[in-house]
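Hello,

Here is the structure we talked about handing over. Please open it alongside this note; the findings follow below.

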Amino acid sequence: MSSAAFTILGVAGSLRRQSYNRALLRAAAELVPPHVAIETFDIGRLPHFNQDVEAEGDPPEVRELKERLRAADALLIATPEYNWSTPGVLKNAIDWASRPPSSTPLKHKPVAIMGASPGLLGTARAQLALRQALIFPDAWVLPNPQVVVMGAADKFDENGSLTDERTRGSVRNLVEALVAWARRLGPD
Ligand SMILES: Cc1cc2nc3c(=O)[nH]c(=O)nc-3n(C[C@H](O)[C@H](O)[C@H](O)COP(=O)(O)O)c2cc1C
């Protein structure tokens with residue numbers, strides 16, 4: 001666990017090794033202010049949501065996700081766009097974390113969303129779908145700024161480092177805005 005004054009849990013919505021979105025999250029972790037740390041949770045470890053499984057008690061990976069969400073001061077999600085929406089693995093993680101509605105760790109959690117795509121719209125549609133999924137669990141999603149990374153193939157190098165200076169600036173601004181948003185909202 002981090003000793004930083006402000007801890008962000010980072011979740012990437014792609015399981016792909018060379019994922020742009022995992023790379024975007026790594027870039028965010030490099031660009032945070034000194035008192036802020038980004039820790040990540042790998043959603044590929046989660047089972048498919050099944051209400052029968054849930055009724056028998058959360059699997060250990062789900063318990064860990066919920067505990068780490070509860071412990072974090074904020075959540076940062078990097079989402080790919082699949083078929084104009086957010087990938088199933090990411091929705092699956094939100095579905096697990098959203099339960100039960102009365103005590104979900106997403107409730108009043110400050111959240112920021114970003115995303116990268118090789119296409120022209122840079123995950124804009126997926127980000128909207130993700131915002132929608134976070135309404136019912138009562139997460140507090142930062143309205144702006146938006147980080148919509150289009151043409152991702154030109155913005156990362158072959159090692160998955162974010163090389164585009166403008167995008168690096170946008171990611172830094174987003175993290176700073178998330179910290180300010182969380183402080184403004186205060187502890188729940
Ligand atoms: C099932 C599937 C659906 C996709 N649909 C979209 C889409 O709607 N819009 C888009 O911009 N890219 C789409 N793509 C391309 C992804 O943006 C691209 O694969 C991207 O690299 C995925 O994110 P990642 O690099 O983080 O894994 C799709 C890819 C897959 C595999």
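Tyr20 puts a backbone N or O atom 2.9 Å from an oxygen atom of the ligand. Keep in mind that this is a predicted model.

In Arg16, a polar side-chain atom sits 2.8 Å from a ligand oxygen atom. In Ser117, a side-chain N or O atom is 2.7 Å from an oxygen atom of the ligand. On its own, the ligand has 610 Å² of accessible area, and the protein covers 70% of that.

What surrounds the ligand? The shell holds 13 residues. Ser14, Arg16, Ser19, Asn21 and Ser117 are the closest. Sorted by class, the shell has five nonpolar, five polar and three charged residues.

The largest pocket holds about 240 Å³ of space. Its lining is made up of 16 residues. Closest to the centre of this pocket are His108, Pro110, Gly186, Pro187 and Asp188.

Which helix gives the largest share of that lining? Helix α6, residues 165-185, does, with three residues. By class, the lining of the largest pocket counts seven nonpolar, three polar and six charged residues.

Best wishes

Conventions:
Residues numbered from 1 in each chain as written. Predicted model: local features only at pLDDT ≥ 70, side-chain atom pairs only at ≥ 80, totals over all residues. Heavy atoms only, no water. 1 Å grid on protein atoms, 1.4 Å probe; cavity = no way out; pocket = protein on both sides within 12 Å on 5 of 7 lines; lining within 4 Å. Points joined across faces, edges and corners; volume = space filled by probe spheres on them. Helix = DSSP H or I, 4+ residues; strand = E, 2+ residues; numbered from the N terminus. Nonpolar A, V, L, I, M, F, W, Y, C, P; charged D, E, K, R; others polar. Near = heavy atom within 4 Å. Polar contact = N/O pair within 3.5 Å; in protein donor to acceptor, adjacent residues only side chain to side chain. Areas by Shrake-Rupley, 256 points an atom, 1.4 Å probe, with all protein chains shown as cover.
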